[in-house]
Amino acid sequence: MSFNIRRAFTTVAIALAMVITATSCAKKEDNKPEICPTAEYFTFDITDISHNGAKITVTASDELPVDWYWGVAYAEEGEDSLDNNDVADLMQESWELMVEYYETTKEEYPYVDFVSSLLLPANSSDSYTFDYLDPATRYFVWACGLNAEGEVVTTVEYTTFTTDELAFDSVTCYNFGDFYYNGTTNFLIDFYAGNHVYTLELIAPAGSVTPVGEYSIDGTQYALLPGGEEEDEEGAYLVGSYHGTLDEDDYFIDYGLITEGTVSIKRTNAKYQIAVRCTDDYGVPVVLDYVGDMEIVDASEDYAAAAKSGSRAVVTPNHFRRVRTAK
């Protein structure tokens with residue numbers, strides 16, 4: 001049982017409570033929390049399910065006697081229910097992720113306040129759109145009430161949903177020729193699935209016209225380059241292998257840099273067979289299996305002409321992808 005969290009600071013299930021209003025549920029004599037009577041305190045509304053996301057709204061009844069807390073977690077194989085012990089473990093994991101996030105960003109972003117909890121009162125609702133879930137995966141959405149000590153004092157209510165299978169709208173390979181001037185061929189393959197894109201940068205032998213082969217992603221084939229004023233005043237450029245969500249202007253608003261793994265590309269009966277077994281810099285698996293057509297675009301001449309201008313921005317948007325804000 002674990003959270004599916006890539007950016008713990010921005011998820012709705014953040015950490016244990018520090019200050020919570022008093023509860024009407026009493027303590028047992030052995031100093032353990034008394035469980036409030038069984039009742040249907042929460043309703044769950046799950047919409048816009050895709051291969052990597054869903055919009056989830058949780059609403060608490062006005063009869064709920066305490067503040068409340070909710071989250072999303074993997075439903076591991078064979079797991080059909082959640083109890084108080086499960087939720088206590090999830091809350092502890094959420095707290096640890098939050099502390100880790102804060103400790104790794106406080107020097108770079110000292111203005112970020114340490115948020116220690118996200119609790120909501122009875123007769124209220126909360127909504128969040130997740131856009132980094134795994135495809136074809138079953139999840140729990142759960143909610144419970146907490147007392148002033150941050151202990152679960154209601155029955156844990158939950159429902160489940162399953163994300164869609166990953167289906168690609170298009171797969172395009174760009175041949176940038178000897179992009180790095182080192183006697184190799186540089187391929188970029190874009191896999192589009194809705195507004196989510198997976199980009200693989202592959203280095204093949206000189207003169208290659210297709211990306212068929214076996215490749216290793218070793219952590220050196222990615223970068224985040226700052227944009228210059230004449231290029232992109234808003235953000236930075238992604239280079240290498242990565243995946244993320246695009247906004248309406250084709251800027252990445254959420255992304256992960258693919259740092260390690262393998263890529264296998266074969267061609268049989270005029271169809272490409274692509275197997276990706278990688279992870280990103282958050283440790284999230286990037287697993288793709290594709291069999292089908294792939295357009296190959298010769299962009300080497302475009303790059304050669306743009307390189308002479310000395311500007312990254314005009315190389316072509318298919319190689320340097322824009323990001324709203326740097327990590």
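**A three-stranded sheet**

Begin with the open sheet that three strands form in the order β3-β5-β6, with antiparallel pairing; strands here are DSSP runs of E with at least two residues, helices are runs of H or I with at least four, both numbered from the N terminus, and two strands count as paired if DSSP finds at least two bridges between them. From one strand to the next the twist averages 20°, taken between N-to-C directions of lines fitted to C-alpha atoms, on a scale from 0 to 180 degrees.

This is a predicted model, in which local features need pLDDT of at least 70 and side-chain atom pairs count only at pLDDT 80 or more, while totals for chains, interfaces and linings use all residues. Residues are numbered from 1 along each chain as its sequence is written, and side-chain values use heavy atoms, with hydrogens and water left out.

Next, select strand β5 (residues 138-146), which is joined to β6 by six bridges in the antiparallel sense; here F140 has T160 of β6 as its bridge partner. In general, strands of a sheet pair through backbone hydrogen bonds, either parallel or antiparallel.

**A hairpin**

Move to β1 (residues 42-47) and β2 (residues 54-60), an antiparallel pair with six bridges, and find T43 opposite T59 in β2. Six residues lie between the strands of this hairpin, where D48 takes a positive phi near 55°.

**The nonpolar cores**

Now show side chains for the largest nonpolar core, which has 24 residues, with F168, I189, F191, L202, V263, I265 and I274 making the most contacts inside it. Such a core is a set of buried Ala, Val, Leu, Ile, Met, Phe, Trp, Tyr and Cys residues joined through side-chain atoms within 4.5 Å, where buried means under 20% relative accessible area with a 1.4 Å probe, protein chains only. Among the strands that each supply at least two residues of this core are β8 (184-193), β9 (196-205) and β14 (252-268).

Center on L202, whose contacts (heavy atoms within 4.5 Å) include I189, Y215, V263 and I265, not counting residues up to four places away in sequence. A second, separate core of 21 residues includes F42, Y128, F130 and A143.

**The whole chain**

Finally, zoom out to the protein chain, which holds two helices and 18 strands, and in which 47% of the 327 residues are buried.

How values were computed: Buried means under 20% relative accessible area, exposed over 50%, partly exposed in between (1.4 Å probe, protein chains only).
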